[in-house]
Amino acid sequence: MNKEISQNKSPNEADQLQKRKDHFARNLARSAKTVLAELEENPDLPLGMHYFINIMREVFVKDRVHQLLLPSLHQSTNNRKIIGTYCIMVPEELIYAAGAIPVRLCGGSYEASCIGDELVPRDTCPVVKASIGFTSFNLISLYQMCDAVIVPTTCDSKRKMGEELSKFTEVWMLEVPHIKDSEGSRRQWLQQLYVLKKNLEKFTGRRFTGRKIRRKALDTSIKMIGSAQYQARRLYEIRKSSAPVILGREAMIAINAYSYATAFEWTKAMTGLNDELEARCHKGQFICSEHTPRILLASCSPIFPNWKIPSLIEEMGAVIVADESCMGNRYLYDPVGLTEKSMTDMMVSIAARYLMPCVCPSFAPNEDRLFRLLQMAEEFSIDGIIYYVLKGCVIYDFELIRVEKIMKDKNIPVLRIETDYSSEDIEQLRTRIEAFVEMLGTKKRNSLATKTLRF
Amino acid sequence: MTVTNLRWMALIISFFVLILGGLIGIDLGGFLPTYACPYVGQTRGGVCFLFRLQFILGVGSWEAFKALGEHLLYFSILVVLIGRAWCGWICPFGFVQDVLDLIRRKFHIGYIRFPERLRANLRCIKWIFFFIALLIPLWVAYPLFAPSVAGDLRQPFCSLCPGKYILPLVIGDPDSVAVDFKSATTITMTILGLTFSTLTIIGALLKRRFWCPYCPMGLLLSWYKKISFIKLKKDCQKCTMCEVCYNVCPVEIQQVFKERENEDVTFTDCTLCLRCVEYCPEDGALRATFLGKTIYKSTSKGFFSRQHIIPAVPEEKHQKAALEHTNE
């Protein structure tokens with residue numbers, strides 16, 4: 001990949017390329033370090049969070065993802081394949097069942113997005129830019145490690161990204177239908193998963209003994225991811241508590257870390273974190289008062305190390321109690337529902353889980369998302385929604401009008417923020433978010449005051 | 001105890017009561033809204049309403065119609081009480097199909113799902129059966145033409161119904177599985193009936209509750225769904241449309257997860273087996289109500305315990321008890 005590029009160039013150019021690479025890698029490590037340091041500064045940081053912060057440090061600062069995913073190099077695990085995935089429609093159950101390890105590659109680095117800038121059209125979203133930047137430029141070994149990459153055809157940018165990525169690595173496209181309701185599209189999706197299953201079997205099997213994905217292995221991996229989902233749901237429940245016990249930016253890091261960890265290890269750590277947080281709830285050890293404005297961070301996903309918006313919101317004195325991004329609450333929310341142990345039922349259930357409840361705006365009609373947002377606003381007693389749009393993410397922006405309309409009926413203010421991964425606009429955003437949070441705070445205090453007067 | 005286990009218990013008990021109850025002198029009458037097949041002989045514990053309906057219509061006298069009115073009244077009361085839970089929780093033929101389904105599961109063979117189009121086309125079958133059961137007996141009573149054919153068509157639906165052949169066979173009475181050579185009519189009817197029976201046995205081994213969508217009794221019962229006491233309800237806002245309820249549904253009802261407006265999701269084919277409520281992963285998204293009072297509702301914890309991800313949680317026992325009470 002990179003070697004090929006550098007081989008074609010004169011020694012001088014290669015040297016320059018290397019310099020540039022080092023420069024970017026240094027910057028990436030620095031910005032990741034800053035975010036992590038900020039998180040660790042918090043005196044109320046739950047002890048259980050250190051595992052997740054550590055994952056991020058290993059991947060982005062120390063660049064030791066290999067040790068993280070394949071800890072025992074000398075055992076049989078060292079020839080396990082690593083499969084990169086994008087979006088949340090790739091069934092990790094199948095990857096685990098085939099004996100490979102999935103890592104989610106959606107990029108969040110400003111530095112990588114700068115590299116990607118040169119390779120894609122200007123209006124592409126920074127997620128795609130960063131992902132392409134990472135893949136083309138070997139900033140961290142995570143992207144080089146993947147033996148194959150699965151790209152679902154979700155939005156336009158991701159779809160074309162798959163094509164671009166194939167210059168650098170082996171790409172399997174996974175066709176996601178855009179209309180969920182029709183029987184035809186669901187059947188087609190199921191067929192796609194059967195094809196993926198076959199590909200995985202071929203890919204991970206030894207040369208002559210095409211190792212099949214067995215029923216038992218699939219069942220085990222469904223259970224393994226199921227328990228991760230159970231823990232993610234526990235965190236989700238805990239964050240509903242009237243006074244928060246964990247900051248949104250911390251909880252989101254914890255979920256985000258699932259991308260780079262094996263499900264089993266992650267679940268163990270998450271169980272610990274949840275136990276700790278539940279204890280906090282019992283003891284009444286809240287990190288901020290009940291009067292803190294509660295924010296729902298909607299739409300685009302903050303992906304580490306781009307922690308700009310979550311940090312800003314919480315610095316301004318609000319707390320993110322929920323988010324609906326595909327790197328956050330939605331990532332591990334919907335479970336696979338099995339009723340029997342036949343291969344058919346497992347495949348049908350997996351197909352259903354990855355398609356039907358997904359509220360990615362690349363689906364149309366996507367009314368389900370509005371229901372989901374309404375339900376979340378109610379469950380988490382949301383005071384305001386920050387509608388976070390990454391530049392170039394047209395589909396999320398499209399849905400803003402509908403979201404604003406339904407939230408107006410519920411009397412929940414929505415603030416739209418459009419930004420990318422650069423830190424240029426941070427002061428401007430700070431002012432806007434500050435004003436929004438202050439408005440919410442006043443509103444909340446007033447309503448609480450009238451409530452107390454009434455009783 | 002899960003609802004599934006409870007339902008199995010109810011099915012087993014009612015199978016013994018309805019099919020073998022006669023041995024200990026149980027006779028529940030001729031208006032039962034379920035396949036209490038009289039062809040099992042003296043051991044029967046009651047009689048299927050469809051049998052009695054055809055019989056009475058076939059007599060055709062004024063007295064007979066009066067008796068029919070009385071039977072219809074009792075039948076209606078029973079159906080209003082628990083709706084199509086008769087199908088999911090009591091029907092002996094449903095039990096036989098569930099046992100066949102269990103065998104399929106034990107061998108880890110996947111189920112078959114018909115395409116929507118085919119299912120829509122097959123929907124007319126139960127209506128055909130229903131009109132056979134309703135109109136042919138009238139012809140038998142007033143044989144204006146071809147009286148010899150009409151004479152051999154007593155209980156026309158029964159001779160087509162797979163229950164007539166399979167249920168006696170289940171309790172060890174193979175005599176019923178035979179072609180009746182009395183006349184050309186009986187030969188045709190019994191051959192058709194045996195074909196349906198074979199199809200149902202094979203079908204039930206491959207598809208969950210194979211016969212239920214074609215059952216005319218189910219059609220009769222579904223007319224009461226608006227006024228029946230038991231209802232399946234959904235909180236549309238809580239639903240994530242994850243499709244789990246569709247995948248677990250033995251009669252494959254899609255509308256439950258697709259519904260976005262109405263609270264009532266008791267659809268025509270629904271046998272109220274409550275598997276969808278059991279397997280729904282959202283707290284309170286689906287629930288079963290009896291006279292408007294919630295007797296069972298979905299929980300996230302319940303879902304994960306059924307997936308064997310967390311140890312089973314002790315569930316509200318009184319809810320289950322309430323449900324069992326209404327069933328027995």
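Domain bounds here come from an automatic or database domain assignment. On that basis, chain B is split into domain 1 (3-220) and domain 2 (229-327), and their C-alpha centres are 27 Å apart. This is a predicted model, in which local features need pLDDT of at least 70, side-chain atom pairs count only at pLDDT 80 or more, and totals for chains, interfaces and linings use all residues. Residues are numbered from 1 along each chain as its sequence is written, while chains are lettered from A and ligands numbered from 1 in the order in which they are written.

**Domain contact in chain B**

- Domain 1 of chain B brings 19 residues to the contact and domain 2 of chain B brings 18; two residues are in contact if their C-beta atoms, placed from the backbone, lie within 7 Å.
- On the side of domain 1 of chain B that touches domain 2 of chain B, helix 1 (3-20), helix 3 (62-82) and helix 4 (85-90) of chain B each supply at least two residues.
- Helices (H or I, at least four residues) and strands (E, at least two) are DSSP runs, numbered from the N terminus.
- Helix 1 of chain B gives the most to this side of domain 1, with five residues.

**Sheet in chain A**

- Four strands of chain A form an open sheet with parallel pairing, in the order 6-5-7-8; two strands pair if DSSP finds at least two bridges between them.
- Strand 6 (319-323) and strand 8 (414-419) of chain A are the edge strands, each pairing on one side only.
- Strand 7 (residues 384-390) of chain A runs parallel to strand 8 of chain A and is joined to it by six bridges.
- Tyr388(A) has Ile417(A), in strand 8 of chain A, as its bridge partner.
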